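The structure I consulted is shown below.

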Amino acid sequence: MSPRDTQEHTSAGDAHGLARRSFLGLCAGAAGLGAAAACDGPAASRPPHAADGHRPEAERDRPGTRDWRIASLGPPDAVAGYTDRVSVAPGEECGLHVSTTASSFRVSAYRVGWYGGACARLVWRSGPVPGRRQPAARLLPATRTVRADWPRTLAFGTDGWPEGAYLIRLDADHGHQRYVPLIVRSTHGAGRTVLLHAPATWQAYNRWGGYSLYAGDSGAYATRSLAVSFDRPYDANGAEKFLVYEWALVVLAERLGIPLAYTTGTDLHRDAGVLRGAAALVGLGHDEYWTPEQRQRVTAARDAGTNVAFLGANTCFRRVRLEAGEAGEAGSGRTVVCYKSSYRSDPCYPSRPAQVTTDFRQSPGADPESSLTGVLYEGYPVDAPYVVHAAGHWLYEGTGVRPGESFDHLVGVEYDRVTPGAPVPGPLEITAHSPLVCAGNRSHSDSAYYTVPSGAGVFATGTMRWVEALMAGTREGGRDHGMDGRARAFVTRTTENVLRAFAEGPAARHRPAPHPNTRELYAAG
């Protein structure tokens with residue numbers, strides 16, 4: 001068991017200290033951040049413009065829908081559901097599996113975006129759907145995998161839905177609600193900034209049914225799942241990880257009006273087509289679980305000139321496999337496999353070391369994530385100021401920061417650093433170098449920027465709170481860790497600089513080169 005696993009699994013509710021967060025009103029005051037009918041279900045309504053064919057950036061100035069938030073969760077069994085696809089291409093059908101204690105419910109599909117500060121737009125709404133309480137979930141004993149395996153409740157088409165991130169809201173007639181996240185993925189990303197959503201990580205932390213990749217029903221790490229299934233609802237409000245680590249960046253990117261495309265890690269695992277000719281790829285606040293295929297395709301895109309931004313920490317830390325789960329299962333790749341410290345029990349051990357599901361940096365098949373990200377995950381939990389080092393770097397243009405200026409609580413709850421001796425592309429410049437203490441050990445969190453011969457630039461923030469900071473100090477910030485409006489303004493402007501620069505194409509061709517400084521900053525270490 002790795003030290004991180006020991007720390008994270010001391011209690012059932014302690015994973016990152018985030019699992020208990022309830023984001024029910026995220027978008028109110030968001031100015032601070034700087035459709036189709038049902039296919040075989042009940043009659044549905046389509047708001048104006050839903051069937052227009054247009055790109056995501058055309059959505060920015062459309063009227064939004066402010067009542068997209070959840071007003072009442074109710075008990076966990078009040079209403080919950082899951083889709084039979086993690087993502088769909090525009091026009092594809094999607095099945096919805098729902099259990100509720102209500103006699104009926106409706107389904108509303110909200111696309112997340114700027115929308116003049118409303119932050120979402122209603123794209124489709126169903127008519128009343130008969131409700132039913134579904135059977136109890138199954139537990140597959142070999143891997144302690146929870147599966148709901150409910151029958152399909154209804155299907156809906158996505159003809160005319162713009163590409164993007166969606167919150168499917170289930171509205172039960174007794175007043176309780178839950179979200180189901182869905183990505184309407186882009187099929188082409190040439191010349192665009194591709195936003196990379198992280199459903200494998202959402203699923204890893206999902207404790208619906210009592211099990212996740214972190215703990216079993218007793219809360220113990222030893223009884224955790226070794227594989228988790230997308231064939232079950234998400235816990236909490238149904239979209240917690242998306243709302244905490246991804247939502248604010250989607251809103252910001254759409255406000256900027258840059259050409260965007262949308263995908264997920266599970267889609268990149270299967271097909272890298274959306275990355276061909278892409279200007280940039282943006283990883284969001286917490287994207288820990290990657291397949292080797294996904295990593296290879298992102299690396300190849302970088303080496304072909306696609307800029308990459310990692311706006312979080314702990315990125316690409318765990319190696320996973322996507323499997324069918326059971327013989328004859330309809331949805332391919334619906335199970336995320338990760339044995340972690342029990343890797344010797346992985347069926348791929350030892351014959352296929354590159355597929356063994358443990359940390360990327362660990363044997364067998366060790367391949368530290370720093371060769372892609374430029375930084376290496378080091379620790380949890382931490383709460384520390386973010387300290388600017390290279391204040392004159394183009395990343396920080398317009399922020400007014402000075403060398404040594406700091407922003408309280410911006411480093412946390414996990415962090416990365418540049419680690420001398422770890423494989424790192426170059427030239428690489430550390431732009432922020434933040435002293436901290438984690439588990440009694442003194443260290444640093446680093447933001448870093450490097451370039452490669454293709455001209456691509458790669459930026460990593462080194463902190464998991466970066467996307468959260470985009471809403472710090474606002475009433476929709478929820479638990480913002482004490483970050484304030486000053487931190488929000490700094491992170492917002494820096495993120496805008498990254499997105500605008502990376503949207504222009506290979507950054508090395510139009511932005512100053514990195515000034516290597518790792519040896520200088522870590523000379524004593």
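Which residues form one aromatic cluster? I find that Tyr-386, Tyr-396, Phe-407, Phe-459, Trp-466 and Phe-490 do.

I note that this is a predicted model, in which local features need pLDDT of at least 70, side-chain atom pairs count only at pLDDT 80 or more, and totals for chains, interfaces and linings use all residues. Residues are numbered from 1 along each chain as its sequence is written, and side-chain values use heavy atoms, with hydrogens and water left out.

Entry on aromatic pairs. I searched the whole structure and recorded 22 aromatic pairs. Rings of Phe, Tyr and Trp (its six-membered ring) pair if their centres lie within 6.5 Å; planes under 30 degrees apart count as stacked, over 60 as edge-to-face and the rest as tilted. Trp-124 and Phe-156 are stacked, because their ring centres are 5.3 Å apart and their planes lie at 25°. Both residues of this pair, Trp-124 and Phe-156, are buried (under 20% relative accessible area, with exposed over 50% and partly exposed in between, for a 1.4 Å probe and protein chains only). I also looked up Phe-459 and Trp-466: their centres are 6.3 Å apart and their planes at 70°, so this pair is edge-to-face. Phe-459 and Trp-466 are buried.

Entry on cysteines. I counted zero disulfides, a disulfide being a pair of cysteine sulfur atoms within 2.5 Å. Cys-94 is buried at 0% relative accessibility, and Cys-338 is buried with a relative accessible area of 0%.
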